Amino acid sequence: MSLGEFDFIRRHLHTAPAEGVLLGIGDDAALLRPRAGVDYCVSTDMLLAGRHFFGDEPPADIAHKVLAVNLSDMAAMGAQPRYLLLSAALPQLDEAWLVPFCRQLQAMAAEHGATLVGGDTTRGDYVFNITIIGELPAGQALRRSGAQAGDEIWVSGQLGLAAAGLQQRLGRLRLPENVAARCVQALQRPQPRLALGRALLPLAHAAMDVSDGLAQDLGHILQASAVGADLDLPSLPTLPALRRLLPEQTLYPLLLAGGDDYELLFTAAAENRPAILASASASGTPVCCIGRIRAESGLCCRQADGSVWPLERQGYDHFD
């Protein structure tokens with residue numbers, strides 16, 4: 001007996017009642033009750049096979065990335081994820097594929113305090129869209145528009161691994177097996193920096209996640225804040241093996257424009273450096289200061305000798 005749409009929903013997507021959910025999956029719409037003193041933070045991301053992930057990836061890896069990119073948006077705003085809606089186009093309802101996908105999705109949602117409350121399914125070629133709703137203290141959300149001249153620029157984690165993993169899978173890079181595995185892991189299983197994002201609420205002036213490339217995403221902060229920036233290229237954090245193996249002409253484009261990092265990029269007053277380092281340590285998230293905001297517009301990427309690196313490409317464009 002084949003699995004039908006409603007059997008799939010009932011068997012794999014139903015969740016236990018959660019705080020604030022008056023009515024979850026199974027009706028025409030979910031009913032949520034907001035708490036006093038909080039703002040809702042709402043985002044949505046669509047991922048397509050062949051565009052955002054390879055169709056032959058394990059279903060658990062696909063589920064992880066589908067949810068992680070949405071959780072990363074919550075981290076960038078300093079929000080606590082609360083509710084999810086999943087819309088999925090699937091070529092068939094294959095339980096052998098669906099079980100690990102749904103298990104990973106549900107486990108990861110529970111790990112980060114979020115509940116699946118609805119969505120939609122149809123036949124199609126592996127398209128997933130999540131709408132995520134988070135909560136944060138009223139009026140305290142981190143935005144792109146708050147960067148100030150004199151701020152230090154920070155980024156979490158390591159840059160360029162996912163981009164290197166993609167190039168490895170496409171056959172454009174030939175990395176040693178252990179390095180390639182680490183990079184492909186970063187591509188398939190990004191780690192949303194939620195604890196750090198919440199810790200930055202009283203510390204950062206501006207923030208966003210690095211999804212389309214460091215240079216392009218920093219450019220969004222600069223434009224929204226009407227400021228400029230100097231980046232210190234030797235300070236950009238990455239896997240030491242990549243820095244050792246790749247020439248700068250290959251490495252820097254991966255770090256600046258590769259995308260798919262899902263690390264937090266933020267600016268903060270220099271006086272907050274000790275508190276930022278303490279918060280990063282408490283959340284188990286490495287952070288690195290990579291430059292400074294200045295009043296004059298534009299982005300300069302400076303090499304060790306002070307010369308400016310030419311930015312031929314700033315990041316990813318879905319319509320390129």
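Mentor: Let us begin with a definition: rings of Phe, Tyr and Trp, the last by its six-membered ring, pair if their centres lie within 6.5 Å, and planes over 60 degrees apart count as edge-to-face. Please keep in mind that this is a predicted model. A search of the whole structure finds nine aromatic pairs.

Trainee: What makes the pair of Tyr40 and Tyr83 edge-to-face?

Mentor: The ring centres of Tyr40 and Tyr83 are 6.4 Å apart and their planes stand at 80°, so the pair is edge-to-face, given that pairing asks for centres within 6.5 Å and edge-to-face for planes over 60 degrees apart. Tyr40 belongs to strand E3 (residues 38-48) and Tyr83 to strand E4 (residues 80-90), so the pair ties together parts that are 43 residues apart in sequence.

Trainee: Why is Tyr83 called buried, and why is Tyr40 called partly exposed?

Mentor: Buried means under 20% relative accessible area, exposed means over 50%, and partly exposed lies in between. Tyr83 has a relative accessible area of 1% and is therefore buried, whereas Tyr40, with 33%, is partly exposed.

Trainee: How do you know what kind of pair Tyr252 and Trp309 form?

Mentor: Their ring centres are 5.0 Å apart and their planes are at 85°, so this pair is edge-to-face. Tyr252 lies in helix H9 and Trp309 in the segment after strand E12 (298-302), so the pair ties together parts that are 57 residues apart in sequence. Tyr252 counts as buried because its relative accessibility is 4%, and Trp309 counts as buried because its value is 14%.

Trainee: Is Gln104 buried or exposed, and how do you know?

Mentor: Gln104, which lies in helix H3 (residues 95-111), has 18% relative accessibility and therefore counts as buried, since the cut-off is under 20%. Leaving aside its neighbours within four places in sequence, Gln104 is in contact with Ala60, Ala63, His64 and Arg189.

Conventions: Residues numbered from 1 in each chain as written. Predicted model: local features only at pLDDT ≥ 70, side-chain atom pairs only at ≥ 80, totals over all residues. Heavy atoms only, no water. Helix = DSSP H or I, 4+ residues; strand = E, 2+ residues; numbered from the N terminus. Buried < 20%, exposed > 50% of the residue type's maximum accessible area, 1.4 Å probe, protein only. Contact = heavy atoms within 4.5 Å. Phe/Tyr/Trp six-rings, centres within 6.5 Å; stacked < 30°, edge-to-face > 60°.
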